[in-house]
Amino acid sequence: MFGDLFSKLQEAQQKMQEGKQKLGDVIIDGEAGNGMVKVSVTGNREVKTISIDNQLMAPDKKEELEDLLITALNRALKNAEQAWEDEMKGLAGGMLGGLGL
């Protein structure tokens with residue numbers, strides 16, 4: 001009985017690790033200012049790229065650029081969080097079913 005449960009727990013742990021690796025390959029975007037600032041993050045919430053329109057590079061646009069960066073990053077990270085939750089829910093559901101719960 002315990003051997004079977006231990007085996008199922010090991011399998012569940014492996015599936016969680018695979019899910020995390022899968023999310024590392026997923027790229028999620030966020031943007032602000034009608035695309036003037038774009039941010040890409042992985043499903044593991046790691047920032048991969050930031051793209052800034054040249055119009056925002058002027059010294060008098062500094063505050064606007066900072067605000068747009070925050071907005072774009074927050075949007076991308078929120079979307080990544082949702083992808084993470086969706087992946088983990090799917091894994092959890094599969095694991096609980098496999099454990100007979």
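Two strands count as paired if DSSP finds at least two bridges between them. Helices (H or I, at least four residues) and strands (E, at least two) are themselves DSSP runs, numbered from the N terminus. The model is a predicted one, so local features need pLDDT of at least 70 and side-chain atom pairs count only at pLDDT 80 or more, while totals for chains, interfaces and linings use all residues. Residues are numbered from 1 along each chain as its sequence is written, and side-chain values use heavy atoms, with hydrogens and water left out.

Strand 1 and strand 2 (residues 37-42) pair in the antiparallel sense over 6 bridges, with Ile 27 facing Thr 42 of strand 2 as its bridge partner. On to the next pair: strand 2 and strand 3 also run antiparallel and are joined by 5 bridges, where Val 39 has Ile 50 of strand 3 as its bridge partner. Put together, the 3 strands make an open sheet in the order 1-2-3, with antiparallel pairing. Strand 1 (27-32) and strand 3 (47-52) stand at the edges with a single partner strand each, so one side of each has no neighbour in the sheet. From one strand to the next, the twist averages 15° (axes are lines fitted to C-alpha atoms, for helices over the stretch in contact, and angles run from 0 to 180 degrees between N-to-C directions).

The loops of the sheet come next. Asn 34 sits in the loop between strand 1 and strand 2, and its phi is near 55°, a positive value in a residue other than glycine. With 84% relative accessibility, Asn 34 counts as exposed (exposed means over 50% relative accessible area, buried under 20%, and partly exposed in between, with a 1.4 Å probe and protein chains only). Strand 2 and strand 3 form a hairpin with 4 residues between them. Arg 45, in the loop between these two strands, has a positive phi of about 65° although it is not a glycine. Arg 45 is partly exposed, at 32% relative accessibility.

Then there are the charged pairs. A search of the whole structure turns up 6 salt bridges, each being a side-chain nitrogen of Lys or Arg within 4 Å of a carboxyl oxygen of Asp or Glu. One of them joins Lys 22 to Glu 87, with the closest N and O atoms 3.5 Å apart. This pair links distant parts of the chain, as Lys 22 is in helix 1 and Glu 87 in helix 2, 65 residues apart. Helix 2 covers residues 62-98. Glu 87 is buried, at 17% relative accessibility. Leaving aside residues up to four places away in sequence, Glu 87 touches Gly 19, Lys 22 and Leu 23 (contact means heavy atoms within 4.5 Å).

Another salt bridge joins Glu 11 and Lys 15, again with the closest N and O atoms 3.5 Å apart. These two are 4 residues apart in helix 1 (residues 2-25), so about one helical turn separates them. Glu 11 is partly exposed with a relative accessible area of 40%, and Lys 15 is partly exposed too, at 38%. The side chains of Glu 64 and Lys 61 also meet in a salt bridge (3.7 Å, N to O). Glu 64 counts as partly exposed at 35% relative accessibility, as does Lys 61 at 30%.
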